[in-house]
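Have a look at the sequence and the 3D view, then read on for a guided tour.

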Amino acid sequence: MATNNEVLNDIWIRLKEQELANNSSLSSNKTLWNKLFYYTVGAITDYLCQDDALADANLRWRLEFSGKFFEILPRIDLSNNGLFGDEELALFSAVAYDFAGYPGASTVALEGLKGNRLSLVEKVLADVLEHGSSNFPWERSRIGLTMALVFSGNEDITLLYEQADSLIENAYKHDNYMDIIAAECVRRVISNYWSNSTIRLMPDFSNTKPDQWTPAIVAGKLHPVLWRAQRELGKHNVFRGRSAVVQLPTGTGKTASFSLILRSGLYRNSYHVAIVVAPFKSIRDEIFRNLEEQFQNEQIDINSISTELKIDFSDFTFKERRAVLIVTPEKLLFMVQHSPNFLVEVGLFIFDEAHQLDNSGRGVTFELLLSTIDLLVSKEVQKVFVSAVIGNPDDVSRWFNSGENVVVSELLPRKFSRILGYSKWQDKTMHGELHTWNKLQKTNSWVEFPNFYRPVQIKKNKFQPNFNVKNHTEGTRWATALTTRQFVKGGMVAVYAPRKDSINGLSKVFIKLKNKLSEHNEMKQSISALCNLFALNFGKNSVLVNSYLSGIFVHDGDVPDGIRTSLEYEAHRGNIQLLLCTNTLAQGVNLPIKTLIITSVGNGMLELNDRDTINLVGRAGRTGVINESNVIFMQNGNSSADKRSRRALTNLMWDRPANALGSSLASLFMPTAINAYNRSLGDLQVTDWCFEDFLDDPLAWITLRVEKTSPKQSRSYRNVLLEKANGIWKIENYLMSVWDIIQEGNQEENIESIARRTFAATRIGADELELMIWTFKYLGRKIAQLASQHNVTIMGKMMVGVNEALKIEDFVESYAELILTDDALDQIIMDIWPILRDTIPVKDQSNEELYQLLLFEWVRGKTFFEILESWESTYPEKRFGKRKPNVEKVYQICSQTFQFDMQLKVNSLMELVSDHDKHQRLERLQIAMKTGLTERTANSFYEAGINDRVLASQFSAKMGVVGAGKDEVVTWMHKNHEKILAKFEDILPTYFREKIKKA
């Protein structure tokens, strides 16, 4: 006899067969399907019979099992399935999920109910599950209307209980067993919801008054019932101002909790300024949009501070209105170093996606920021460290805020929310195979779809996928495209590849496949506008633009911010079927992804660790939007790559926790692979470089060291040593920024104390820790030698290391009278070029003249395509490697070298130039470097949310006012929004249309 798990698995696989239009290897016995009705309905009635609202682990499992059964059975369109489309089952799926503690899954299960096959009592149950505020196509019940009033604090719960009891009494009178169960469920749902209601719990959790919460609940800004994660935060006094390390799985309401934390402090009047730190601009912007909507028309300002390193935050201090600032770590560190006194007004810090502390690129900056705040801000000020993937929250807790915090963790996600699997090409059958697994199956017991996809004939006698040695890479791309095509019909698919060139190659294959199969759907107007705008930015010859025009959308760091934000907006509206992405997806962006195809877990520096994989996989199956996701790994016939992918897949099957959170600062002093892709070169040991000569002048030491290595090894050695040098410069800058504190007492003791307060000190061996402390002290002595002749405080504000600060200072002193006398941006650039030039990578310095040209065109406001044209016409022979000039390379240089690296140098110069006019010229250049726009009006549009250079320039021209500020352009958009929408209809994506309407 089949077990319950086997029967439900059978049903689930039939649904997958239907979705994928493919037969599996699993034999079916549909005669057993009805067997589960007694078991699943029994789980609900067993729950109704117990007094405790919290189900134990076993009952929760049964309830989730029941929810899955009720959810999938009515979706199977088979001739012998009389329950296809049964709304009663969908309703009880929502009930089971809700009782199991998964309200997001319950909401999804209720979608699409029409009520045609539901009794009046069952319609009441649906109303109650949606808290009386649903948009069902039937008139709301009296209980539903009362519930909406009760849960906003405008009616007493007693009335609602009386109505529910009357419903139960009538159900028993009519003796309909399903109505009886439904009525009992109504009573229990009301009881559960009231026990966990926002209006009831939050005043107590936050030490505030109920009437403070009512307006936000009535306005629909707050969910009327707290999810389990939010209740855990309340039980741990996080809403009362307690600092915390919060480790909650994706989809448990982590981000939604930000609003509750901020509101609690706002209603308690515990902060004048609150700061939310997001590690990436994309996450910063997403949080800003969410909080802006949450606090619309309230007595608080929500501000997304610019990422450029300039002082643009003074307006948010010493105001009557309170403010929430959403910033990147680099921006907050800049703010702290330039105006540490503003921290007095900050009463709350939230650090989102805080596992980026262990990010090899930016982790040192993030850790030193946290150490700075720990040093300068009282332990009583609330600080919340948030991540879904901390493998060692207790270790982090012992360090964060000097141990003055609580840990909130250990919430488990749903068990039946994901299908895992792998896709591979089978030479014997000349078909692609799909192997799937879910938690109903035994480990390593795969369900096979043997004929998952067929090869495609490209030319006469040429088929793809073709995995011969010469075309292996092309073959893997075709296998990925054909696998993806089978999933697209079931919902949005994201295809992850670790390398940008892999994304470009994949996009070309997807286009070829669409052309071969003549699959060209008519574009919606909003998508067409998005593509047109991208084409104006990059030109129609761009690989990325051609992908977009073909319906193949790329989400990557090489896509401009405004285009990427517009793309995400369209994805949320259900207008994007296919997304190709690199690690931007794993950074925490939330999209309604049904299926995630992982082409590779990467290799070397790009290899995903367990934490990265869990975070990436968490992007699929967004809670409250999608109840079931597919995560499929490609097997590409490369033994080492396939082995890494299978290992990652196995770890997901076993629910292995994320890696213990490490420290990028600690990694500086640990062995580092000289070449992550060629381990034959071995590791660089800390004793190979960490001594006085290196710390005195890293660049000079590296140059001498590299000269002694072979040409093949020199690049690897240079890169790994420059990583160490960058870490040292950040430590130097950190020490200079807190130099006043270091000087309060014994310098050596204070520096050692500072070093020991870093997270690195907890994640490093005794010998490495001793060497790290020695390094901090030696750098401190290096700085102390300068203190008598140089202003260390100003040097600390320059955001660079000691040697670079001295070089810039010497440059300004030597040429103070000769530079920055002309208003022309081109001349300002040439005046300070000796400083800007240092940002050009060593391997590219032969292209110095090309960099100058590109920078001139960038600050003039030329589009990326126009900048490329200038390159091709002026320096057609200049290349980066063997690749021809292309617009994607132009964007990379503008977004990294100009917008960040060179802007940092301009900031350093601004710290030293005291002449007002010259300082103003540098500030103009800094803004132009950041936005790529010259005219003030265009920059004001950009600042007002029109963060696309083409749109900002065209809006500026249409307005026809020179030098307009942000308030002026917002007023102009408000007054002329209908004309703007009509004039720019063909290049205005929906995201920007909504921005203009709300101006």
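What follows is a walk through some sheets, helices, loops and rings of this model.

First, some ground rules. This is a predicted model, so local features need pLDDT of at least 70 and side-chain atom pairs count only at pLDDT 80 or more, while totals for chains, interfaces and linings use all residues. Residues are numbered from 1 along each chain as its sequence is written, and side-chain values use heavy atoms, with hydrogens and water left out.

**A sheet and the helices across it**

Helices (H or I, at least four residues) and strands (E, at least two) are DSSP runs, numbered from the N terminus. Two strands pair if DSSP finds at least two bridges between them. With that in hand, look for an open sheet of eight strands, in the order β10-β9-β8-β17-β16-β13-β15-β14, with mixed pairing. Its edges are β10 (447-453) and β14 (553-555), each of which pairs on one side only. On average, neighbouring strands here are turned by 25 degrees against each other, direction ignored. For angles like this, axes are lines fitted to C-alpha atoms (for helices, over the stretch in contact), and the angles run from 0 to 180 degrees between N-to-C directions.

Zoom in on β8 (residues 418-426) and β9 (residues 431-437): they pair in the antiparallel sense over seven bridges. Gly421 stands opposite Thr436 in β9. In the loop between β8 and β9 you'll find Met430, which has a positive phi of about 55 degrees although it is not a glycine.

Helix α18 (residues 472-488) lies across several strands, including β8, β9 and β10, and runs at about 105 degrees to β10. Helix α19 (residues 500-517) lies across β13, β14 and β15, at about 155 degrees to β15. In the loop between β12 (462-464) and α18 sits Pro465, and a cis peptide bond with omega of about 5 degrees joins Gln464 to Pro465.

**What is tucked away?**

Buried means under 20% relative accessible area, exposed over 50%, and partly exposed in between (1.4 Å probe, protein chains only).

| Residue | Relative accessible area | Class |
|---|---|---|
| Phe811 | 8% | buried |
| Met430 | 39% | partly exposed |
| Tyr815 | 42% | partly exposed |
| Asp655 | 52% | exposed |

Asp655 lies in the loop between α24 (639-653) and α25 (664-667), and has a positive phi of about 55 degrees although it is not a glycine.

How many of the twelve residues of α22 are buried? Ten of them are, so α22 is largely enclosed by the rest of the structure. Among those buried residues are Asp561, Arg564 and Glu568. Helix α22 (residues 561-572) reaches 17 Å from its first C-alpha to its last, close to the 16 Å expected at 1.5 Å a residue; that expected span is 1.5 Å times one less than the number of residues. After α22 comes Gly574, with a positive phi near 80 degrees.

Strand β2 (residues 273-277) is mostly covered, with five of its five residues buried. In a regular strand the side chains alternate between the two faces of the sheet. In β2, Val273, Ile275 and Val277 are buried on one side, and Ala274 and Val276 on the other. β2 pairs in the parallel sense with β4 (residues 322-327) over five bridges, and Val324 is the bridge partner of Ala274. Five bridges also join β2 to β5 (residues 346-351), again running parallel, and Ile275 stands opposite Phe349 in β5.

**Rings and charges**

Rings of Phe, Tyr and Trp (its six-membered ring) pair if their centres lie within 6.5 Å; planes under 30 degrees apart count as stacked, over 60 as edge-to-face and the rest as tilted. By this rule there are 41 aromatic pairs. The rings of Phe136 and Trp138 have centres 4.5 Å apart and planes at 10 degrees, so they are stacked. Both Phe136 and Trp138 are buried. For Phe811 and Tyr815 the centres are 5.2 Å apart and the planes at 45 degrees, so that pair is tilted. Phe811 and Tyr815 sit four residues apart in helix α33 (residues 802-815), which separates them by about one helical turn.

Phe349 turns up again here: together with Phe351, Phe366, Phe385, Trp399, Phe400 and Phe759, Phe349 forms one aromatic cluster.

Note on methods: Contact means heavy atoms within 4.5 Å.
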